[in-house]
Amino acid sequence: MKQVDDLFEPAPDRWGLRGDPWVWQAMRDHLTGTYLPPTLGECEALLYTAFNRLVGVDLATEMEPMVFRQEFAHGGMSSGQIHLDTWRAELLPLLVDRARTKI
C-alpha cells in the first residue's frame, strides 16, 4: 500500500512565501506512516485537514492571502509567512493530483 507522505516527493520548485516549505515538511512529517485512503475525495479531505490542523487555518473560510505562524519562522524577511493563496491554487492541488495517480 502507498503512503500519503510519498506524495510530498519531490518538493515543488516554487513557493509563495518562506513559511511554505516548512509547512510542506510539517505536513509530510505529520502524515508519515498514513496509508493513502481508497478514494481521491478521502485523500483530499485528509490533506486539507492536516493543513488546517498544522496551520490553524481553514482554507475554505479564511479569505486572507497569507498568515504568520511563529513555528514556521526560520529566518528571512517573510519568515513564518504562509501564502494561503499558493496553498489553495498550487500546493494542495499538486498533492491531490499526485494522489490521483497513486489511487
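Predicted model: local features only at pLDDT ≥ 70, side-chain atom pairs only at ≥ 80, totals over all residues.
**Entry 1: the core**

I started with the largest nonpolar core: of its 25 residues, Leu7, Phe8, Met27, Leu47, Phe51, Ile82 and Trp87 touch the most other members. My rule for such a core: buried Ala, Val, Leu, Ile, Met, Phe, Trp, Tyr and Cys residues joined through side-chain atoms within 4.5 Å. Buried means under 20% relative accessible area, exposed over 50%, partly exposed in between (1.4 Å probe, protein chains only). At least two residues of this core come from each of α1 (20-31), α2 and α3. The biggest giver is α3, with 7 residues. Helices here are DSSP runs (H or I, at least four residues), numbered from the N terminus.

Residues are numbered from 1 along each chain as its sequence is written, and side-chain values use heavy atoms, with hydrogens and water left out.

**Entry 2: Phe51**

Which residues does Phe51 touch, not counting those up to four places away in sequence? I found Val23, Met27, Gly56, Val57, Leu59, Ile82, Leu84, Trp87 and Leu92 (contact is heavy atoms within 4.5 Å). Phe51 has 0% relative accessibility, so I put it down as buried.

**Entry 3: aromatic pairs**

I then looked up ring pairs. Rings of Phe, Tyr and Trp (its six-membered ring) pair if their centres lie within 6.5 Å; planes under 30 degrees apart are stacked, over 60 edge-to-face, the rest tilted. That rule gives 4 aromatic pairs. Phe8 and Trp24 are edge-to-face, because their ring centres are 5.0 Å apart and their planes stand at 75 degrees. Phe8 sits in the segment before α1 and Trp24 in helix α1, so the pair ties together parts 16 residues apart in sequence. Trp24 is buried, because its relative accessibility is 3%.

Phe51 came up again: its ring centre is 5.1 Å from that of Trp87 and the planes are at 45 degrees, so this pair is tilted. The pair links helix α2 to helix α3, so parts 36 residues apart in sequence are tied together. I also saw that Phe8, Trp15, Trp24, Phe51 and Trp87 form one aromatic cluster.

**Entry 4: α2 against α3**

How do helix α2 (residues 40-55) and helix α3 (residues 84-102) pack? They meet at an angle of about 145 degrees, with axes 10 Å apart. Axes are lines fitted to C-alpha atoms over the stretch in contact, and angles run from 0 to 180 degrees between N-to-C directions. Among the residues making the contact are Leu47 and Phe51 of α2 and Trp87 and Leu92 of α3.
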